Amino acid sequence: MVEHRPCTARNETPLQRADRNFVELLQELRVTQTGVQILFAFLLSLAFTSRFEDLDTVQRVTYVVTLLLAVLPPPSSPPRPHCTAPSSSRAPSLASCRSPRAWPPPA
């Protein structure tokens, strides 16, 4: 059995630190995705305003490009990890979150 030594002031092992960093990164992605959805809803609602008809060609192209760029991030962001789906007495590790086929981790 490999002995893990604490590596930080929090007295956590390197694997625990990697897991914590991974969870924090996922939380940041979820917040970003929510912001993108709000931006997309706002941009989509602009087309239904009365002043939208007054836009010239350059402004309309800028609007469409911005709208399309707001649509792109959610599909290109990584999916929610599959390691949280099954329940187990053993907590999932970073290694088990790499792909959907990685669960359950090999014994």
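Leaving aside neighbours within four places in sequence, which residues is leucine 44 in contact with? The close-up views below, taken from a predicted model, begin with this residue.

**View 1. Leucine 44 and its contacts with Tyr63 and Leu67.** Leucine 44 belongs to helix H1, which covers residues 14–46. Apart from neighbours within four places in sequence, leucine 44 is in contact with Tyr63 and Leu67. The C-alpha atoms of leucine 44 and leucine 67 lie 7.3 Å apart, although 23 residues separate the two in sequence. Leucine 44 counts as partly exposed, because its relative accessibility is 38%, between the limits of 20% and 50%.

**View 2. The aromatic pair of phenylalanine 52 and tyrosine 63.** The structure holds one aromatic pair. Phenylalanine 52 and tyrosine 63 form this pair with edge-to-face geometry, the ring centres being 5.0 Å apart and the planes at 70 degrees. The pair links distant parts of the chain, 11 residues apart: phenylalanine 52 sits in the loop between H1 and H2, and tyrosine 63 in helix H2. Phenylalanine 52 counts as buried because its relative accessibility is 15%, which is under 20%. Tyrosine 63 is also buried, with a relative accessible area of 11%.

**View 3. A nonpolar surface patch that includes Leu72.** Val61, Val65, Leu69 and Leu72 make up the patch, with an area of about 370 Å². Leucine 72 is located in the loop between helix H2 (57–71) and helix H3 (73–76). Leucine 72 counts as exposed because its relative accessible area is 53%, which is over 50%.

How values were computed: Residues numbered from 1 in each chain as written. Predicted model: local features only at pLDDT ≥ 70, side-chain atom pairs only at ≥ 80, totals over all residues. Heavy atoms only, no water. Patch = residues over 30% accessible without salt bridge, like charges linked within 9 Å, V, L, I, M, F, W, Y side chains within 5 Å. Areas by Shrake-Rupley, 256 points an atom, 1.4 Å probe, with all protein chains shown as cover. Salt bridge = Lys/Arg side-chain N within 4 Å of Asp/Glu carboxyl O. Helix = DSSP H or I, 4+ residues; strand = E, 2+ residues; numbered from the N terminus. Buried < 20%, exposed > 50% of the residue type's maximum accessible area, 1.4 Å probe, protein only. Contact = heavy atoms within 4.5 Å. Phe/Tyr/Trp six-rings, centres within 6.5 Å; stacked < 30°, edge-to-face > 60°.
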